[in-house]
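Subject: Structure handover

Hi,

Here is the structure for you to look through. My notes come after it.

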Amino acid sequence: MQRKINKFKMKRMIYFLLTGVLAGMTAIAGASFYMLGYSLTPDPNRTDTDSAYTTLYKRYPGVRQWVDSVRQHRILRDTFAVMPGGERHHALFLRGDTANGRTAIVVHGYKDCAVTYLMIAKIYHQQLGYNVLLPDLHAHGLSEGKAIQMGWLDRHDVLHWAALAERMFRCGGRPSAVVMHGVSMGAATVMNVSGERLPRYIKRFVEDCGYTSVWDEFGSELKNQFGLPAFPLLYTTSLLCRLKYGWSFGEASPLKQVAKCRRPMLFIHGDADTFVPSWMAGPLYKAHPGNPLQQRKAEILKGIWITKGTMHARSYNDYTDEYIRRTCEFNGLTD
């Protein structure tokens with residue numbers, strides 16, 4: 001009799017244990033789907049261009065007169081192209097009268113679009129005289145796509161845009177020269193591009209407050225927003241991303257890509273940034289193989305500017321004149 005009671009208790013304990021494990025696994029799976037959707041679902045209002053211009057003018061009122069002028073005179077134009085993955089993507093572009101084959105590709109941030117980064121385009125078009133192309137990344141703005149790619153698979157699309165821009169803006173027998181300038185997720189995108197095998201016409205990069213990896217960025221936000229550790233949710237969500245979209249948080253690493261970069265790069269970050277923590281600027285800068293004191297063909301291989309008291313993606317706002325000056329100096333034109 002006692003043996004039967006003990007056997008019954010054992011079965012019940014195993015049942016409760018298995019039920020608890022199953023409930024825990026279900027909860028983790030549900031939380032993983034939620035986190036992936038929360039992080040990578042596009043803004044449902046992303047195609048509202050009028051709202052994007054309103055946002056631009058609110059953030060950067062000083063650029064409104066210039067933007068209104070280039071729109072009115074149809075200097076600012078739209079273009080569309082089919083990306084390697086088959087999606088139809090959108091970009092804005094401006095031709096520079098004195099560009100002579102020099103082009104800037106300006107890459108926007110997370111859940112933003114090309115329109116809201118026209119303040120960076122103004123530097124290259126007005127101060128430097130460059131042609132400018134501003135792509136809407138996958139699942140942003142007017143570009144097709146079902147999920148945000150956090151700058152990882154976007155590197156292929158931006159390289160495709162660079163090739164199109166080189167042909168579009170080619171100037172006689174002059175050699176083409178392309179600089180890529182990205183902010184936030186756009187900075188991560190251009191850093192990811194920098195580690196690829198590049199055509200000779202891509203000359204340099206400017207990254208403003210980009211993250212070391214998607215793993216680090218999502219881990220930081222998981223802790224800051226929800227008070228949760230990386231294990232197990234970050235691991236399971238990364239696996240889910242691999243199964244659903246073909247890439248994982250760990251492989252999406254601007255840090256690893258920058259370590260392979262052989263072109264000059266300027267790093268910018270605000271020391272009060274908590275969204276993309278300011279500590280990330282140090283490892284990124286150190287990972288770039290160039291010696292900051294070494295010069296090659298009169299170009300500094302890398303530079304870093306940490307803006308004091310600046311929060312995420314606010315260096316242009318807080319230090320507008322210096323931001324313009326440093327961008328121009330890095331790209332070879334000063335007052």
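Below are the findings, starting with the ground rules.

This is a predicted model: local features need pLDDT of at least 70, side-chain atom pairs count only at pLDDT 80 or more, and totals for chains, interfaces and linings use all residues. Residues are numbered from 1 along each chain as its sequence is written, and side-chain values use heavy atoms, with hydrogens and water left out.

**Salt bridges**

Side chains of opposite charge can pair when their charged atoms come close. A salt bridge here is a side-chain nitrogen of Lys or Arg within 4 Å of a carboxyl oxygen of Asp or Glu. The count by this rule is eight.

One of them joins Arg59 and Asp112, at 3.4 Å from N to O. Arg59 sits in helix H2 (residues 49-59) and Asp112 in the loop between strand E3 (102-107) and H4, so the pair ties together parts that are 53 residues apart in sequence. Helices (H or I, at least four residues) and strands (E, at least two) are DSSP runs, numbered from the N terminus. Asp112 is buried, at 15% relative accessible area. Arg59 is partly exposed, at 31%. Buried means under 20% relative accessible area, exposed over 50%, and partly exposed in between (1.4 Å probe, protein chains only).

Glu251 pairs with Arg242, and their closest N and O atoms are 2.7 Å apart. Both count as partly exposed: Glu251 at 27%, Arg242 at 37%.

Arg325 and Glu322 also form a salt bridge, 3.5 Å from N to O. Both lie in helix H12, three residues apart, about one turn of the helix. Salt bridges with shared partners join Glu322, Arg325, Arg326 and Glu329 into one network.

**H4 and H12**

The axes of H4 (residues 118-127) and H12 (residues 320-330) come within 11 Å and cross at roughly 55°. That makes H4 oblique to H12. Axes are lines fitted to C-alpha atoms, for helices over the stretch in contact, with angles from 0 to 180 degrees between N-to-C directions. Under 35 degrees counts as roughly parallel, over 145 as roughly antiparallel, 65 to 115 as roughly perpendicular, and the rest as oblique.

H4 is mostly covered, with eight of its 10 residues buried. Among them are Lys122, Tyr124 and His125. Just after H4, Gly129 takes a positive phi of about 75°.

**Asp157**

Asp157 lies in helix H5 (residues 154-168). Asp157 is buried, at 7% relative accessibility. Asp157 and Ala81 are 76 residues apart in sequence, and 9.9 Å apart C-alpha to C-alpha.

Best wishes
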